[in-house]
Amino acid sequence: QVQLLESGGGLVEPGGSLRLSCAASGRIFSVNAMGWYRQAPGKERESVAFKYSGGSPKYTDSVKGRFTLSTDTAKNTVLLEMSSLKPEDTAVYYCYASVRSSWSGSRDYWGQGTQVTVSS
């Protein structure tokens with residue numbers, strides 16, 4: 001019913017910048033929340049930046065001041081602007097959305113993941 005399409009990953013040197021984009025498509029009545037998670041090798045998946053509808057973006061401490069999340073409710077998209085990237089940011093980044101697709105309720109959706117590699 002709903003798919004999340006991610007783009008923008010790649011290889012960047014420390015201190016560089018990248019922009020991740022995610023667009024939700026399909027049967028969407030409303031979006032409750034959207035955000036980005038990441039998973040590095042040997043580590044559990046963690047929340048990077050997250051925003052509930054009507055709320056302000058929330059960030060994990062390690063990216064505060066460097067990453068900026070924005071949403072476009074009309075287009076059902078979420079962007080993650082990443083700057084001053086560090087090798088510790090290397091991970092697979094996953095888009096997340098909580099979507100209401102019918103009157104019966106909402107469910108969670110995940111993107112396929114996009115690789116971000118920060119290396120010199």
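**Close-up views of a predicted model**

**View 1. The surroundings of arginine 66.** Apart from residues up to four places away in sequence, arginine 66 touches Glu81, Met82, Ser83, Ser84, Leu85, Lys86 and Asp89, where touching, or contact, means that heavy atoms come within 4.5 Å. The model is a predicted one, in which local features need a pLDDT of at least 70 and side-chain atom pairs count only at pLDDT 80 or more, while totals for chains, interfaces and linings use all residues. Residues are numbered from 1 along each chain as its sequence is written, and side-chain values use heavy atoms, with hydrogens and water left out. Arginine 66 sits in the loop between strand E6 (58-59) and strand E7 (67-72); strands (E, at least two residues) are DSSP runs, numbered from the N terminus. Because its relative accessible area is 10%, arginine 66 counts as buried (buried is under 20%, exposed over 50% and partly exposed in between, with a 1.4 Å probe and protein chains only). The side chain of arginine 66 reaches the backbone oxygen of serine 84 at 2.9 Å.

**View 2. Serine 83 and serine 84, side by side in one loop.** Serine 83 lies in the loop between E8 and E9, and serine 84 is found in the loop between E8 and E9 as well. With a relative accessible area of 27%, serine 83 is partly exposed, and serine 84, at 39%, is partly exposed too. A polar atom of the side chain of serine 83 lies 2.8 Å from the backbone oxygen of arginine 66. When residues up to four places away in sequence are not counted, serine 83 touches Gly16, Ser17, Arg66 and Phe67. Between the C-alpha atoms of serine 83 and lysine 43, which are 40 residues apart along the chain, the separation is 22 Å. Serine 84 has a positive phi of about 50°, although this residue is not a glycine.

**View 3. Aspartate 89, another residue of the loop between E8 and E9.** Aspartate 89 has its place in this loop and is buried, because its relative accessible area is 2%. A polar atom of the side chain of aspartate 89 lies 2.8 Å from the backbone nitrogen of lysine 86.

**View 4. The largest nonpolar core.** This core has 29 residues, of which Trp36, Phe67, Leu80, Met82 and Tyr93 touch the most other members; a nonpolar core is a set of buried Ala, Val, Leu, Ile, Met, Phe, Trp, Tyr and Cys residues joined through side-chain atoms within 4.5 Å. Two or more residues of the core come from each of strand E1 (2-7), E3, strand E4 (30-39), strand E5 (46-52), E7, strand E8 (77-82), strand E9 (91-102) and strand E11 (114-118). E9 gives the most to this core, namely five residues. Leaving aside neighbours within four places in sequence, tyrosine 93 is in contact with Glu6, Leu20, Trp36, Tyr37, Arg38, Val48, Phe67, Leu80, Met82, Gly113, Thr114 and Val116.

**View 5. Leucine 79 in strand E8.** Leucine 79 is found in strand E8 and, at 23% relative accessibility, counts as partly exposed. Leucine 79 and cysteine 95 are 16 residues apart in sequence, and their C-alpha atoms are 9.6 Å apart in space.

**View 6. Glutamate 13 and serine 119.** Glutamate 13 lies in the loop between strand E2 (10-12) and strand E3 (18-26) and is exposed, because its relative accessible area is 55%. Although glutamate 13 and serine 119 are 106 residues apart along the chain, their C-alpha atoms are separated by 5.0 Å. Apart from neighbours within four places in sequence, glutamate 13 is in contact with Val118 and Ser119.

**View 7. The backbone at asparagine 76.** Asparagine 76 is found in the loop between E7 and E8, and this residue has a positive phi of about 55° although it is not a glycine.

Technical notes. Helices (H or I, at least four residues) and strands (E, at least two) are DSSP runs, numbered from the N terminus. A polar contact is a pair of N or O atoms within 3.5 Å; within protein, one must be able to donate a hydrogen and the other to accept it, and residues adjacent in sequence count only if both atoms are side-chain atoms.
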